[in-house]
Structures are given as structure tokens and as C-alpha cells.
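Biologist: Could you take me through this model, one question at a time?

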Amino acid sequence: MEIKLVKNILEANEVIASENRRLFREKGIYVVNLMGSPGAGKTTLLERTLENLGDKKRIGVIEGDIATSRDAQRIAHYAIPTVQINTGGACHLDGNMVRGGIEELDLDQIDLLIVENVGNLVCPAEFTIGENNKVMIISVPEGDDKPEKYPLMFQVSSLLLLNKIDLLPYLDFDMERFRRDALKVNPKLEIMAVSCKSGEGLDNWFRWIEQRAGRADG
Amino acid sequence: MHELAIAQSLIGIIEQEALPYTGAKVTRVRVLIGKLSGVMPDALKFAFEAISVGGIAEGASLEIEEVPLRIRCHQCGEVLVVEDPFLTCPNCEGTDVEIVTGRELDIRSIEIEDGNQASEEHP
């Protein structure tokens, strides 16, 4: 006999992510899932964000890494609620891991939660964690051919930060080609060119976050 | 990329659905895999075979229907299959498109040979 179903195989994660999402909504927390390759500048972006918005928003951070608490340590002196998740080998954060993380946070004290995902241009795109928006950061040294090669990450992101634009004079990075390909893969993608080192372009990012974190339901 | 985790989830669902049918043996599982899901059908088959050993789904054949990436263009109204990941309408080059199919990662049916239940035809 045949048992007929219409069931998403990864439904278990979807259910947990939805529960996370519901909780965030209840508490009026706007959640960003920050993704990008190792070394693209996720943690540095986080540092700049904490410096600029730390006084204006009550920020909480969940750090995801395979190993070490180096990223959590880097931001420790900003004295904001931070949880470090070590996946021990998993290449991405999923709804369940984030649920474990938020249990360590006092959600009543947070308006903006930034989840820094594991450095990886592939897997985090496949898993939702209950965020409002996925934001990806990619850097100039990684090359201008990435949208075509890693489409899913570009497709699921609302915002793309192109970091390290201070290095453009030293590298063969075709900005026009990059933008064109990124928009072909995701026509709705918002793109910002920034340098976390020089600060160029970061005001746009801070404004983008502020606009969204202000609203109770994101 | 996570075919092993997906195979594990799949087997979990199979075990849950087949639970009421004591002694049943799962003979066939049908799944839908969309082009945009990032799942490689061969890798999923391999993972499924490997981890179904010793369980209720051991020996079951995994049939995978691949679903193409189909988009609806809001500019020209066409619904078209596109091969590459570029979400642009091949007809009018419009970028206001919506994904109709291609994201699937669904289990659609499980076939079992009844165990110690009386064998009946089910519609």
C-alpha cells in the first residue's frame, strides 16, 4: 500500500525556526542572520555596528563557529549579551542550535539580535533560523564571479554588503559585472559597497539596520 | 550538501509514518527534489542506502523526481523553466519574477508491504 504525503523533509528545522520566529516577534526583536565566507568581514562588520549602534539599540549577538570562542572574545569589550555556539563540525547554524543559543539570552533586554553564522558561502543559505532577514557579506578579494558560482546564498539574502572596497585599486574586480550577475541571480537584492576598515559606505548599513530594528515586528 | 542529514530526516519521517503498520517493510519511497534545493540526487541515494541499513527502510528503493526551476514573470506573464540560477525572464528579460517550482525537498509517498496486517487494496 502507498502512504501519500506532502511533507518537507527538513520540516523539523522549519518548525523550530518558526517557533524561534514567533518568540522574536513576541519580544519585538529584529533578527539578522549574517552570512559570508571565512574572512569576508562578518565579525569586523559586527564590531563597527556595535561601535556605532551600541548606544542606540539594545543589541544581542549569537556567534556561530565550528570551534573556538575567538569571535565572542573579540566583541567581549563591547559588553553586550553574547552567546557563542560551537557547532563542533556542522558547517552552518540551524534552528535548533539557535534555539539553544537564545535560551542563554534575556530576550526582554534585546531589540536587535545579530546572528553571525559559520563562515561558509554554501550551507547557511539552506537553513532558516527564525531571522527577519538574511544579510550576506562578501569581500573584493574573493572575486567578482561568486554570484554565478554560489547562487543560493545570493538568492536568499535581502542585503549584500560588498566589503573591502578599499582594496579595489590593487585587485582585478569588475564591479559592474559583479553587480549585474548578483542582480540577475536575485533581482530584489539590495547591494551596498563598504569598507569596514576605512568606514566608507557603512552609514548606509547602519541606517538600514536602524530602520528595521526600530519596528517591533521587524 | 547535507545529503546525509537529509537522508536521516527522511528515514525519521518514514519510521514515523510506518509505525502503525507493525512488521511492515518499506519497499519504495518517492521524493521531489527541486533544482534550487542544492541537493544532489545521487548523493542522497548514496546516503539513504548507507544509513537505511538495519532499519525499516533497508532495501527500499528511493525514487527521486527532479523538479525544474520554473519562474512566473510578472512583466510578460510567462511561466517558464529556466536552466541556470539567473532569475531573469528569458522571454522579456524582466526581473520581476517569482519562483513557481524548484525549491522542493519533499517526501511524497511511502510504499509498504503489509506485515501481519491483512493485505487490502487501498485507493
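Modeller: Buried means under 20% relative accessible area, exposed over 50%, and partly exposed in between, with a 1.4 Å probe and protein chains only. This is a predicted model, in which local features need pLDDT of at least 70 and side-chain atom pairs count only at pLDDT 80 or more, while totals for chains, interfaces and linings use all residues. Residues are numbered from 1 along each chain as its sequence is written, chains are lettered from A and ligands numbered from 1 in the order in which they are written, and side-chain values use heavy atoms, with hydrogens and water left out.

Biologist: Does B:Ala7 count as buried or exposed?

Modeller: B:Ala7 belongs to helix H1 (residues 3-18) of chain B, where helices (H or I, at least four residues) and strands (E, at least two) are DSSP runs numbered from the N terminus. Beyond its neighbours within four places in sequence, B:Ala7 is in contact with B:Leu44, B:Ala47, B:Phe48 and B:Ile51, contact meaning heavy atoms within 4.5 Å. Because its relative accessibility is 0%, B:Ala7 counts as buried.

Biologist: In what order do the seven strands of the open sheet in chain A lie?

Modeller: Strands of a sheet pair through backbone hydrogen bonds, either parallel or antiparallel; here, two strands pair if DSSP finds at least two bridges between them. The pairing in this sheet of chain A is parallel, and the order is E4-E3-E5-E2-E6-E7-E8.

Biologist: Which strands stand at the edges?

Modeller: An edge strand has a single partner strand, so one side of it is left without a neighbour in the sheet. In chain A, this applies to strand E4 (82-86) and strand E8 (190-193).

Biologist: At roughly what angle do the axes of helix H2 and helix H8 of chain A cross?

Modeller: Axes are lines fitted to C-alpha atoms, for helices over the stretch in contact, and angles run from 0 to 180 degrees between N-to-C directions. The axes of H2 (residues 42-53) and H8 (residues 202-213) of chain A come within 11 Å and cross at roughly 70°.

Biologist: What is the bridge partner of A:Ile3 in strand E6 of chain B?

Modeller: A:Ile3 is on the covered face of strand E1 (residues 2-8) of chain A, together with A:Leu5 and A:Lys7. E1(A) pairs in the antiparallel sense with E6 (residues 105-113) of chain B, over five bridges. In E6(B), the bridge partner of A:Ile3 is B:Ile110.
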